[in-house]
Amino acid sequence: MTFEDLPTTPRAEELLDKAFSRASRAGRAKDGWDAQETMLITAANILSDNLANVSTSWPDFEFEVEPFYYELADAVVNVDELRQALSEVNWASRQIDELRSEYQAKMRRSGVETARKHRKQAFARMADIIDEISDDLLTVGEARDALKTLPDIRPDEPAIVVAGYPNVGKSSFVNHVTRASNEIASYPFTTKAVQIGHFERDRIRYQIIDTPGILDRPEEERNGIERQAVSALTHLADAVVFVLDASGDCGYPLESQLELLAEVEERFDAPVLVVCNKSDRSTDVEADAYMSVAEEENVDAVLDMAVEAVGFEPDLPTRGED
């Protein structure tokens, strides 16, 4: 997954303590001028390498991050602020490399006492640089902690998004169709959760995504983060199953449900399959299919229709291809 393996980001104080304590130990192993140069090189290498690792471990958002994950990441953290913070961390890494070269050159032309003064000056300037990017390190660290728990959704696998008002049976449907493999997980998303399930059909693995709190109310009632999450899903969905409850037991009038359906149909380019759930109680609405998850009626047929709507055809190698 895009952000799963990002390394922990050190805080400024931790990084300085690590660099200077190791430099001190390295210096004790040598005498005179060599001790001062060893301390300089050790501290500079630790700081520069750690900062470089922070900045280069992140994928390039413009070229390496799928549109779905870009939108989802930007809904959780501000991607522009994150990129700026990473740029500052990378700048600091280069600055410390330059300081090492500058002070190594000065120390080569000096005696032991002067070399010690140069080393202390270098340490002070390194500490100033790290202090200057302390907020940037916090920004990167907080972003890493937030993004590493994003759901493992694979853009190369077909995805079915389940939408509709609360209590219409979305989660029950997702739970039912993924029950055989027991592959379902809930991922925190702001104050909501995204449920990802999987099922196989004709040796193809499908993702089925329930989005409570995101696609269960009109656009004007969503906050900015939720609207961006919906935008992210538009990049992912190969088909949408929109679940209606004509019985009204869900607590929302059918008219409101149909208004949300119209919004979803306008928002998504993917085919939208309209399904009336709780058909054992009411079928008083025009739909593409009718089912009752509670009574286990026609659920598999609805899933078949969703798979057909996706129309996924894997890229299979032809004879003669490498």
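Me: Which residues of H6 are buried?
Reply: In this predicted model, the buried residues of H6 are Ser-134, Asp-136, Leu-137, Val-140, Gly-141, Ala-143, Arg-144 and Leu-147. Buried means under 20% relative accessible area, exposed over 50%, and partly exposed in between (1.4 Å probe, protein chains only). Helices (H or I, at least four residues) and strands (E, at least two) are DSSP runs, numbered from the N terminus.

Me: What do the buried residues of H6 pack against?
Reply: They pack against helix H1 (12–28), helix H2 (32–56), helix H3 (67–76), H4 and helix H5 (112–132). Contact means heavy atoms within 4.5 Å.

Me: And Leu-82, what does that touch?
Reply: Leaving out residues up to four places away in sequence, Leu-82 touches Trp-58, Phe-61, Val-77, Thr-139, Val-140, Ala-143 and Leu-147.

Me: New topic. How many salt bridges are there?
Reply: The count comes to 11 salt bridges, each a side-chain nitrogen of Lys or Arg within 4 Å of a carboxyl oxygen of Asp or Glu.

Me: Where do Arg-201 and Asp-304 lie?
Reply: Their side chains meet in a salt bridge (2.3 Å, N to O). Arg-201 lies in strand E3 (residues 192–201) and Asp-304 in helix H10 (residues 299–310), so the pair ties together parts that are 103 residues apart in sequence. Arg-201 is partly exposed at 23% relative accessibility, and Asp-304 is partly exposed at 39%.

Me: What rules sit behind the numbers?
Reply: Residues are numbered from 1 along each chain as its sequence is written, and side-chain values use heavy atoms, leaving out hydrogens and water. Local features need pLDDT of at least 70, side-chain atom pairs count only at pLDDT 80 or more, and totals for chains, interfaces and linings use all residues.
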